Number of protein chains: 4
Amino acid sequence: MIIVMKPTATKDNLNNVVKKLETLGLRAHLSEGEEVTIVGVIGDKKTIANLEMNMMEGVEKTIRITEKYKMVSRNFHPQNTIINVGDIEIGGDELVVMAGPCSVESLDQLREAARAVKSAGAKFLRGGAFKPRTSPYDFQGLGEEGLKLLRQAADENDLKVITEVVDKDDIALIENYSDVIQVGARNMQNFQMLKALGKSKKPVLLKRGLSATISEWLNAAEYIMTGGNEQVIFCERGIRTFETFTRNTLDLSAVAAIKELSHLPIIVDPSHGTGRWQMVKPMARAAVAAGCDGLIIEVHPNPEIALSDGDQSLKPKNFARLMEELKAIAEIMGRKI
Amino acid sequence: MIIVMKPTATKDNLNNVVKKLETLGLRAHLSEGEEVTIVGVIGDKKTIANLEMNMMEGVEKTIRITEKYKMVSRNFHPQNTIINVGDIEIGGDELVVMAGPCSVESLDQLREAARAVKSAGAKFLRGGAFKPRTSPYDFQGLGEEGLKLLRQAADENDLKVITEVVDKDDIALIENYSDVIQVGARNMQNFQMLKALGKSKKPVLLKRGLSATISEWLNAAEYIMTGGNEQVIFCERGIRTFETFTRNTLDLSAVAAIKELSHLPIIVDPSHGTGRWQMVKPMARAAVAAGCDGLIIEVHPNPEIALSDGDQSLKPKNFARLMEELKAIAEIMGRKI
Amino acid sequence: MIIVMKPTATKDNLNNVVKKLETLGLRAHLSEGEEVTIVGVIGDKKTIANLEMNMMEGVEKTIRITEKYKMVSRNFHPQNTIINVGDIEIGGDELVVMAGPCSVESLDQLREAARAVKSAGAKFLRGGAFKPRTSPYDFQGLGEEGLKLLRQAADENDLKVITEVVDKDDIALIENYSDVIQVGARNMQNFQMLKALGKSKKPVLLKRGLSATISEWLNAAEYIMTGGNEQVIFCERGIRTFETFTRNTLDLSAVAAIKELSHLPIIVDPSHGTGRWQMVKPMARAAVAAGCDGLIIEVHPNPEIALSDGDQSLKPKNFARLMEELKAIAEIMGRKI
Amino acid sequence: MIIVMKPTATKDNLNNVVKKLETLGLRAHLSEGEEVTIVGVIGDKKTIANLEMNMMEGVEKTIRITEKYKMVSRNFHPQNTIINVGDIEIGGDELVVMAGPCSVESLDQLREAARAVKSAGAKFLRGGAFKPRTSPYDFQGLGEEGLKLLRQAADENDLKVITEVVDKDDIALIENYSDVIQVGARNMQNFQMLKALGKSKKPVLLKRGLSATISEWLNAAEYIMTGGNEQVIFCERGIRTFETFTRNTLDLSAVAAIKELSHLPIIVDPSHGTGRWQMVKPMARAAVAAGCDGLIIEVHPNPEIALSDGDQSLKPKNFARLMEELKAIAEIMGRKI
């Protein structure tokens, strides 16, 4: 931590700051500039992490230098982490595509979706059995029945399953049916759920919160890793901005940021990221070119009658065309689909 | 819902839209303008709520006209709702002030805080026993031990208690110690917790999410109300914007918005809303002048050694001065402290 | 400036950083922490202001410690600046209210507005003769004819005039008719216009840009002051956020921020800040309680037929009622209207 | 326009709304739903554009259906517009890359940059002679001398020139030296400058404002086109959000949005869009894959001593490598560099 003193700070103000640091077992390292004095705080990282100095007289502001996360950091683990789901590797040479409907509605719907996404090259079937919805009057999902249908349709088509958890009490149940557990944007800082997922044996896909900074997102992953589960996959799905033409603003620079700061894989969700099916194709291509490790895309056999998010779902035919385009770009990026 | 057709939409496109609506039991009401045709959708509200039409050919966009929430709405319940906590009325003539430290640290700390806020005129003691923290390495709170200390210090000073729940499994425990249960910003769309709080007999203080719109916030309260608990108090605590000088941007227009749209009370948290103790005083005054029903303010007997959020906590002396100023403004607003 | 080295930085990396600083005549002050080394940069402020170090090998990031503005800063000029417009003092004991229609439309309209705002206690007549409009097809203002009407209606009612400049070529013209020159939000960083206003003898009201930080706003004012015109008044008018219920998010914490960082006066525009006439009243009261030096409010004798921004304009009767409420709050704040 | 009446609106309220519309020569088309009545407004587009109804009693809200821009719209001009700059086509089969330093500093610097970007495949030399800077103490550019150097270095290397205008009085001067005139983000709504550029014979590159919506950006281009200059190129350069890791948030979905709504070309600036040279490469690739028509990239022979924006500039060697990668992706997109 750096403490910047006010230009008007007195010698006494400075002494009190130094004294407080020393009381806490920390050391102060002074830089006297032309206008202001700066105090570098040296010592135990955890003590510094909890240190607050802004209310001391003569202090202009404090600046934190180091991030609090460790295990997610590339400094801590320089090589890329590869997460294995059966014979599929996320974060390796493969570009892993997860596809399927927003909500699980029926076995027919899922079977049709599963066949379509499998034949186009997807490796995972996605679908929501527990849905976090803005309004209590919206469809909340089929629950365990939905999980069963999802598993069945996936197994029939040799696909893995990814589905969302919205309640920590459901983790054990979901583990029975799903290969990867998804944490949605609204639960990215549901710390109790993150802690519980730290005890899971299944990989966790951690979506970025609607207004989460890169730093907060990394810290959220740290909750899972410190709990003992090191299989975390990030998922960029758009952030909330002033723009209203798109549902969210898909921040593809997050792919580059995560690759720089962390060793964990990152995939992209262009469906929620834009909220418009016409934009899924260009943004999926862009995500691959930005260097992501995979994609999660909404595909519905009949989006016009979908129970949720039909506006952003691709029809199977469009999805198949998109996969063709992605293969070419993935190849340039040294990836195979 | 209004469906706006493209200028290039064909007669067939329009017919298909109308046919889909009729299939769902809805009626289409057409307005042919000079450039575009607009389709008004009339019929069952729930069916319309789940309707998605953007992927139909010839459709430019759809616009939702009505909000999904009902019970929280002033249209549904024109008079102000008053929430009783013992002999205290929130949303009535009284301006209710809740104050205390961010985290419960010790009995001494709480006793000193409780005495100070009581003598200045506060009616509730606030303090966190379960803390939602960005990093797993930060202090996570004292848990049930903290709840006990909070209750004891409040009882000794004839204060009510408000404290935060971060896990739905803790609701029953917290009900034993607290008069009002607080839902933090990060849990505003933790829908499982909201549903569980719908079964509680205690009033719920629902903080606004960091990037929650007014509409989403009202829908979150609807989750609690539809569960059976009609005692919801809103709390504006700052939203996330591009500005970095303040920790959040306190949106006082939310007070006027909630008063217009809902019958439920709203209080303001100028401490988290600004993150700077110097700003708590002017923003607390402004909140009262904007018409809020109460305030929740961080007060710490010794903010320089606080375990969390010391930077935004007032010392007892400053809090007492603030209360004097608030009394004068409250009086003009027809309120008493 | 503080330079934070990477944990993996080599001795050579550090030497190169130090060497570059010394070449530029700066001094490096090293703090070796447990994890990272931090380099404090000491020396000529201007050299440091233009220094960029992030692309040097081994550098993690750089942090700027000091702001670039000087003349606007309270450190530079601790006492509040009072700006005199005839016998009116902005920034002194008076709470100065400026009111009138968004656009100048006719002499009748202005006369009616001027009489109404004068009798309610306003000191300035506001009105736009040159309008910055999002679309080229929107009404662009009456130009010089509008300025004449504005001056006439103001003079007949013993009011001062404030009006907006949208083109630096119009400054001389506007000086002939207006007592204060307004810079709109979209021109806050029109640096050529700011430089030209630095040569004006008239006070400048500088509205905050839609996405301007407090720091950028202060720097924009510095452009005017370094040009020689020290009469700058800030005006908070709402920032752009994700919220769509209000036209902008009025950031009243900006009042406290400007009061802390600068000696210049600040007023608030609750009309543009909310975009809804129903919210002007509560937000105007809140602004005064937050400590602003004045208000600028849209009042239109007949908002239902206004050529612009009728949705956010008060009728004269509502304005008069608001002024009554403001007087009471101003008194508590030690101000008179 | 759609007018949504309140559930509590009376018959009289509705009659008054209809009467007002009819007085203005407009027609009202009523849809009576279960809860609310909706009024569709039909008639002259310009009258509707200026219509404001929110202040009428019984009105809940108004919703604008149609955008105000015409000439920029793809509805108005379905085919892609190609802009010719000598033998270069922007918006056609070519992916046009513009590169060079942020600021013009010296002939040596420009020559070195020009040679490097030319040999890597760029078609334009970029460089600022007039710089819009946040602080008046920052380097403001070399002015006309800079324009001369830019033209000379470009001519020696058979490159076109693009440079920024910050003052409408400089347009004629810049036309003498530059092939394309750039409008920076801070001037996107400097409407007087846009009007003046409407009279220019040179193509205009219109950067998106820091907080400009897609709609506002299109309207800004409409100002130039209605002035008579139909050669407008959009440039996405990052928007302002809450994220601080990057300087801005590069919104690549804007590429898809502009392609859908307009016939004009769009290029992307990954240098300002991220503010970090490490991110330029992945985001440039992503922009091409998203379907942009070109890129503008900062390249400096020696970014470590650049007078501005060195942190986001590529060294010539890195730029050459990037161009190799871009060629492969452009090919897949059916483009050549």
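Copies of a chain are superposed by least squares on the C-alpha atoms of residues with pLDDT of at least 70 in both. The legends below describe a predicted model.

**View 1**

**View 2. The contact between chain C and chain B.** Chain C contributes 33 residues to this contact, and chain B contributes 33 residues. On the side of chain C that touches chain B, at least two residues are supplied by each of α8 (253-261), α10 (277-290) and α11 (316-332) of chain C. Of the elements on this side, α10(C) gives the most, with 9 residues. Sorted by class, the side of chain C that touches chain B comprises 19 nonpolar, 10 polar and 4 charged residues.

**View 3. The rotation axis relating chain A to chain D.** Chain A is laid on chain D with an RMSD of 0.0 Å by a turn of 180 degrees and a shift of 0.0 Å along the axis. This is therefore the relation of a two-fold axis. The C-alpha of chain A nearest the axis belongs to Ala286(A), 2.0 Å from it. Both copies use the same surface, and 100% of the contact residues of chain A recur in chain D.

**View 4. The contact between chain A and chain D.** Here 33 residues of chain A are in contact with 33 residues of chain D. The elements giving two or more residues to the side of chain A that touches chain D are α8 (253-261), α10 (277-290) and α11 (316-332) of chain A. The largest share of that side, 9 residues, comes from α10(A). By class, the side of chain A that touches chain D holds 19 nonpolar, 10 polar and 4 charged residues.

**View 5. The domains of chain A.** The domain assignment of chain A gives domain 1, residues 2-63, and domain 2, residues 83-332. Taken over C-alpha atoms, the centres of domain 1 of chain A and domain 2 of chain A are separated by 45 Å.

Technical notes. Residues numbered from 1 in each chain as written. Chains lettered and ligands numbered in written order. Predicted model: local features only at pLDDT ≥ 70, side-chain atom pairs only at ≥ 80, totals over all residues. Contact = placed C-beta atoms within 7 Å. Helix = DSSP H or I, 4+ residues; strand = E, 2+ residues; numbered from the N terminus. Nonpolar A, V, L, I, M, F, W, Y, C, P; charged D, E, K, R; others polar. Domains from an automatic or database assignment.
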